[in-house]
Amino acid sequence: MGTNLLAINPVAFHLGSFPVNWYGIIIGLGIVIAYFLAQKESVRRGFDQEFIADLLIWAIPISILSARAYYVVMKWDYYSQNPGRIIEIWNGGIAIHGALIGAFITAYIFTRKRKVSFLKLADIAAPSILVGQIIGRWGNFVNQEAYGGPVSREFLEGLFIPNWIIEQMYIREEGTYVHPTFLYESLWNVVGLVILLFARKLNWRRGEMFFFYLIWYSVGRFFIEGLRTDSLYIGDELLRSAQVVSIIGIAVGIIGIIYRRVYVKPAVHYLDEEKNPAKPAANKSKKKNNNKKK
């Protein structure tokens, strides 16, 4: 057995007595990179320069709260007996599905308020969401969490992954090496990202990139979740919540694609132009008026 001598310290540095964890840095990095990618593509597709930033002002805090709420609900037997710990998000306990649900609901309401197509925005954002998830899973790696069941070192070496990953997959409390499920999901999402970036050039119908994301991520998560040892459960540990939500995600994706192909006529495609999707022209007209006044 290994000794885990090369395990990564989850604390990156201290600000005075306050520890700054790698997990938060990695999650933050994922959000920033995802934002810049989505912002660049949204402007290219005709949205206002500040549209994505305005959305994230609402989406980020709501996603954090919904990620925590999802986790608390799934662990209600514990939190109902310890209500004072519900707010202790700094001690861990968030769920990506909760964050996604919160983000999608926020984006839908936001686009309705701005009179913009939610599916147009969702298509633009889908690759960026995957980028955030690809990077974010490495926060789980540093924390040695969200891992799978026990495996041998020989199994991990057979995956041809670097030794520093193998060493981090030795969990001292378990006394064994474990499946690097964070890596499985991260790589699965990399493949999905490549497909979506290629799909932009193929000019899929509106909504199909978003629905493909739902299907792709959900299929991968369903099978990878089956390997994990820290799953949240519905009921008396009969159903893994992530697998249930994944099945729903697959169904929504398939139904969404079929519906738009059968019932939405004429078909609108990803690269189709739309006049003033986020009303940038109004801003331009104001600038022209200001220049005339000068």
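Biologist: Is asparagine 203 buried, partly exposed or exposed?
Modeller: This is a predicted model, and the class comes from relative accessible area: under 20% is buried, over 50% is exposed, and partly exposed is in between. Asparagine 203 has a relative accessible area of 21%, so asparagine 203 is partly exposed.

Biologist: Where does asparagine 203 lie?
Modeller: Asparagine 203 lies in a loop. On one side is α8, residues 181–202. On the other is α9, residues 208–225.

Biologist: Which value does phi of lysine 115 take?
Modeller: Phi of lysine 115 is near 55 degrees, again positive in a residue other than glycine. Lysine 115 is in a loop too, between α4 (96–114) and α5 (118–143).

Biologist: Why does lysine 115 count as exposed?
Modeller: Exposed means over 50% relative accessible area. Lysine 115 counts as exposed because its relative accessibility is 64%.

Biologist: Which two residues does the cis peptide bond join?
Modeller: Read omega here. The bond joins lysine 265 and proline 266, with omega at about -10 degrees. Proline 266 is in the loop between α10 and α11, the latter being residues 280–293.

Biologist: Now glycine 148. Is it buried or exposed?
Modeller: Apply the cut-off: buried means under 20%. Glycine 148 has a relative accessible area of 1%, so glycine 148 is buried. Glycine 148 lies in the loop between α5 and β3 (150–151).

Biologist: Which residues is glycine 148 in contact with, leaving aside neighbours within four places in sequence?
Modeller: Contact means heavy atoms within 4.5 Å. For glycine 148 the partners are Val178, His179, Thr181, Leu227, Arg228 and Thr229. C-alpha separation is another reading. The C-alpha atoms of glycine 148 and aspartate 230 are separated by 8.1 Å, though the two residues are 82 apart along the chain.

Biologist: What does valine 142 touch beyond four places in sequence?
Modeller: Valine 142 is in contact with Ile8, Asn9, Pro10, Trp22, Ile26 and Gln168. Valine 142 lies in helix α5. At 8% relative accessibility, valine 142 counts as buried. From valine 142 to alanine 7, the distance is 8.4 Å, C-alpha to C-alpha, across 135 residues of sequence.

Biologist: Where is alanine 242 found?
Modeller: Alanine 242 is found in helix α10, residues 241–263. With a relative accessible area of 4%, alanine 242 is buried. Alanine 242 touches Tyr70, His97, Arg221 and Glu225, when residues up to four places away in sequence are not counted. Take arginine 221 from that list. Its C-alpha is 7.5 Å from that of alanine 242, with 21 residues of sequence separation.

Biologist: What share of the contacts in the protein chain joins residues 24 or more positions apart?
Modeller: The share is 75%, taken over contacts with a separation of 6 or more.

Biologist: How much space lies in the second largest pocket?
Modeller: The volume is about 320 Å³. There are 17 lining residues, and the closest to the centre are Ile101, Phe104, Leu214, Val245 and Gly249. Next, sort the lining by element. α4, α9 and α10 each supply at least two residues. The largest share, six residues, comes from α4.

Biologist: How many cavities of 30 Å³ or more does the structure hold?
Modeller: A pocket is open, whereas in a cavity the probe fits but cannot get out. The structure holds one cavity of 30 Å³ or more. The largest cavity contains about 30 Å³ of space. Its lining is Arg205, Arg206, Arg260, Val264, Ala267 and Val268.

Biologist: And the whole chain. How many helices and strands are there?
Modeller: The secondary structure has eleven helices and seven strands. The C-alpha trace spans about 75 × 50 × 45 Å along its principal axes. Of the 294 residues, 43% count as buried.

Biologist: How far apart are the mean positions of the positive and negative charges?
Modeller: They are 17 Å apart, with 33 positive and 22 negative charges in the chain.

Methods
Residues numbered from 1 in each chain as written. Predicted model: local features only at pLDDT ≥ 70, side-chain atom pairs only at ≥ 80, totals over all residues. Heavy atoms only, no water. Helix = DSSP H or I, 4+ residues; strand = E, 2+ residues; numbered from the N terminus. Buried < 20%, exposed > 50% of the residue type's maximum accessible area, 1.4 Å probe, protein only. Lys, Arg positive; Asp, Glu negative; His and termini not counted. Charge placed at Lys NZ, Arg CZ, Asp CG, Glu CD. 1 Å grid on protein atoms, 1.4 Å probe; cavity = no way out; pocket = protein on both sides within 12 Å on 5 of 7 lines; lining within 4 Å. Points joined across faces, edges and corners; volume = space filled by probe spheres on them.
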